[in-house]
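Dear colleague,

I am passing on the structure we spoke about, together with some notes on its packing and on one of its strands. Please keep in mind while reading that the model is predicted.

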Amino acid sequence: MLFAPRALPPLPPDVAQDPTAYASWAVRHEAARVARAPATGTPPLHLVMVVDGPAPPQTVETLRSLERQTVARWTLTIVTHDSINTDVTSILAVSGVRHSSQRVRITAVDGASTAVAMLRLGLAQHGSSPVAVIFPGDLWAPDAVDLLGAALSPAGVAYADEDCRLADGSLGLPRLKPAYSPDFLLSSPYTGRPLALGAELVDRLLAQPAGETSAVEHDLALRACEAADRVVHVPEVLCHRTLGDDQRPTDGEPVVSALARRGMAATVTDGPAPHTFHISHHLAGPCTASIIIPLRDEPRFLRTCIDSVDATRGDIAVEYLLIDNGSRQPETATLLDALSSRPDVHRLSDDRPFNWAALNNTAAGTAGGDVLVFLNNDIEATTPGWLSTLCAQALRPEVGVVGARLLYPDRRVQHCGVVLGMGGAAGHVLVGLEADRQGYLQMAVLTRECAAVTGACLASRRQVFDALGGFDESLGVDLNDVDYCLRAQRAGWRVLVDPAVELVHYESPSRGTAGDVRDIVNFIDRWEASILAGDPFFNPRLTRVDSSCALRGPGEKEWWQQWRSTLARP
């Protein structure tokens, strides 16, 4: 056998799969948060509600939730059709919210008006105030107006977390979101509700031509985040949605339009779940990938790796750089001799003590490809066209690093992104998840930004690699891949994981899985402030003790400090 399955424990339930714990926490946490003094000096927030069909009965509670806001700095414009204007007025009366020109106004339009046109009409009535969109049936937390208003800049966007009111009245199905991730937003409307826009940004959006779509929320989020000077995530649950109100047709037009506005050549297809999309970026021209593979013996793995890449790489031209770090087995020498006879294979020998960063840096210095693909010798490529996808992502000017979705041979997730601080220094999220499951917020199946990706399959443009000075050789064994990704982000490039690039990873048969304490200590010394600040692409309410995406425990800060203290300095 090529692989002996690891004894991985079952992946614990994520926060949405533990409804009792979440419901209890949500009530306690909201009550404690609302008890704090509200912010001062924030401008009034102009709310827009579009009612383009029969208003659900829960709209009464939506309006009452506005009356319970901790600050009274809000106004509301309801845009509805003439045919249901009387119904909306009746709902206002039942709710007890005063219908006046100063606080709440109703704008009625003819029945031919679309939801997009109605939304724009409501936005246009903002005056000089920032705007938030509120939906019939949503129940806003009492401090939602306060926290959204405080987070907004004049040309900014603010969004927050959300959950659902379940049939028994409890809160569940939480969507605890990451910081702004442009590729994640193209893949799905993850920003969701609530969404607030600065006054200057609203004017920018109204100056743009409008496109028609049934996915009004996704379109607004894409346009707003694209035009904003700043996008802020408020990591608090500020909206409780009506269960089942997201059962709407999938419409990829907002994504297609967003790509066109940004000048990005790509094809949009339906994603792995409703309301999600896969974006296949196009290569602008011919591309050569330099595939760099360090190895020491284990010829059966190397043979599988090369053969599988050959079979699945598609039209991408490749050169292989094989760095032999002290192999001793005759079978390895025989295989390397055979591979070296190929014009696209270059064999390098480097017998110094193992240093992953140094081996890859040396090979990269001789590589001639547009994209450098660092690959473990224990990788098996199983998805046709994966290399084209990887290279197309890596060649985008705003992207610095791209990683893959890696599976164990038993079809469990080994890697779909790295979280800074998980398990101590950094760790893979959702390890052990069954391959046919999507993971929390569909993180295991959607393209998104993340703090880092594993060096078992890591792609980077030649220019990015040179600008960063390659991998840090002082981190010889561990965390050099994470350090590289963090430095790329600090230099202004994005780090992506694209699950369409799916490979099998047999996980370190040549080297084992033991870590290097010296590397961990050096990494922590360099990045401790970032770890303590929190990984922006992982919600701060989620645990970092394990990879489950469960709710964060009360003593995790102390847990991390205790873990930190156990690291013996070399």
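I would start with Leu-406, which stands opposite Leu-503 in strand S23, and which also has a bridge partner in S18, namely His-415. With S22 (residues 457-461), by contrast, S17 runs antiparallel and is joined through two bridges, and here Val-402 has Ala-459 as its bridge partner. Two bridges also link S17 to S18 (residues 413-415), again in an antiparallel arrangement; the two strands form a hairpin with five residues between them, and Arg-411 in that turn has a positive phi of about 70°.

Turning to the nonpolar packing, the largest core holds 61 residues, of which Val-157, Leu-197 and Val-429 touch the most other members. Helix H8 (residues 216-227) gives the most to this core, contributing seven residues. A second, separate core comprises 43 residues, including Leu-420, Ala-451, Ala-452 and Val-521.

As for Val-429, if its neighbours within four places in sequence are left aside, its contacts include Cys-416, Gly-417, Val-419 and Met-422, as well as Met-443, Arg-448, Phe-538, Ser-547 and Cys-549.

With best wishes

Note on methods
Residues numbered from 1 in each chain as written. Predicted model: local features only at pLDDT ≥ 70, side-chain atom pairs only at ≥ 80, totals over all residues. Heavy atoms only, no water. Core = buried A, V, L, I, M, F, W, Y, C linked by side-chain atoms within 4.5 Å. Buried < 20%, exposed > 50% of the residue type's maximum accessible area, 1.4 Å probe, protein only. Helix = DSSP H or I, 4+ residues; strand = E, 2+ residues; numbered from the N terminus. Contact = heavy atoms within 4.5 Å. Pairing = 2+ DSSP bridges.
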